[in-house]
Amino acid sequence: RSVGPSLGTDSINSGIRAGLIGASLVFLFMLLYYRLLGVAADAALAVTILLVFAGLILLKATLTLPGIAGIVLTIGMAVDGNVLIYERMKEELRTGKTPLAAIDAGLKKALTTILDSNITTLIAAGVLFYFGSGPVRGFAVTLSVGIVASVFCNVLVTRTLLQYFMGGRGAAGTLLRRS
């Protein structure tokens, strides 16, 4: 019968809690399934999330439930990019390439798929922003910032971390073969 300001606060808190639980489960899954490569994926995901929040701060955006949904969707899309890269790397290793060559070839082959999926999502976000209003526009902005951050991290951060792991211990190739 009556709606007070605490209802919005409760909804935001529930959304943040759900987002944190979901992100934690994604982090845990990547660590368990990909081991050392999961560390690289989780680091890239953490950078993605930081870039999203930095972008939203730069745009002076207010965090709303649709914005939280955009961040959660960003987490899923960022992890999807890493999964694509790692699975392509496995395929390259099966063809007999060295781990370093598999990283390069896997990243190059996955890049097209990553760009295709993210560009189409960015187009959808643009349509939502153009035709939507209020919360729909907020979701579109958060999603767009997340897509750009995700692609940047998939291409640059993940590549850098994988090359570091290969140069430091060479363990990434061994762990990649086991998963």
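Reader: Is Glu92 buried or exposed?
Author: Glu92 counts as buried, at 4% relative accessibility. Bear in mind that this is a predicted model.

Reader: Buried is under what relative accessible area?
Author: The cut-off is 20%, and buried means under that value. Glu92 has 4%, so it falls in the buried class.

Reader: Which residue forms a salt bridge with Glu92 at 2.6 Å?
Author: That is Lys109, with 2.6 Å between the closest N and O atoms.

Reader: Where do Lys109 and Glu92 lie?
Author: Lys109 is in helix H4, which covers residues 99-131, while Glu92 is in helix H3. The pair therefore ties together parts that are 17 residues apart in sequence.

Reader: And how accessible is Lys109?
Author: Lys109 is partly exposed, its relative accessible area being 45%.

Reader: Which residues are in one network with Lys109?
Author: Glu92 and Lys97 are joined with Lys109 into one network, through salt bridges that share partners. The side chain of Lys97 meets that of Glu92 at 2.8 Å, N to O.

Reader: What about the accessibility of Lys97?
Author: Lys97 counts as partly exposed, at 33%.

Reader: How many salt bridges does the count come to?
Author: Five salt bridges. Among them is one between the side chains of Lys90 and Glu87, at 3.2 Å from N to O.

Reader: How far apart are Lys90 and Glu87 in helix H3?
Author: They are three residues apart in helix H3, so about one helical turn separates them.

Reader: Is Lys90 buried or exposed?
Author: Lys90 is buried, with a relative accessible area of 6%.

Reader: Different topic. How much space lies in the largest pocket?
Author: About 200 Å³.

Reader: Which helices each supply at least two residues of its lining?
Author: Helix H1 (5-34), helix H2 (36-58) and helix H3 (65-94) each do.

Reader: Which residues line the largest pocket?
Author: The lining residues are Ile16, Gly19, Leu20, Ala23, Ile49, Phe53, Leu63, Ile68, Ile71, Val72 and Ile75.

Reader: What does the lining have by class?
Author: Ten nonpolar residues, one polar residue and no charged ones.

Notes
Residues are numbered from 1 along each chain as its sequence is written. This is a predicted model: local features need pLDDT of at least 70, side-chain atom pairs count only at pLDDT 80 or more; totals for chains, interfaces and linings use all residues. Side-chain values use heavy atoms; hydrogens and water are left out. On a 1 Å grid over the protein atoms alone, a cavity is a set of points where a 1.4 Å probe fits but cannot get out, and a pocket is an open set with protein on both sides within 12 Å along at least five of seven lines; lining residues have an atom within 4 Å of a point. Grid points are joined across faces, edges and corners, and a volume is the space filled by probe spheres set on the points. Helices (H or I, at least four residues) and strands (E, at least two) are DSSP runs, numbered from the N terminus. Ala, Val, Leu, Ile, Met, Phe, Trp, Tyr, Cys and Pro count as nonpolar, Asp, Glu, Lys and Arg as charged, and the others, Gly among them, as polar. A salt bridge is a side-chain nitrogen of Lys or Arg within 4 Å of a carboxyl oxygen of Asp or Glu. Buried means under 20% relative accessible area, exposed over 50%, partly exposed in between (1.4 Å probe, protein chains only).
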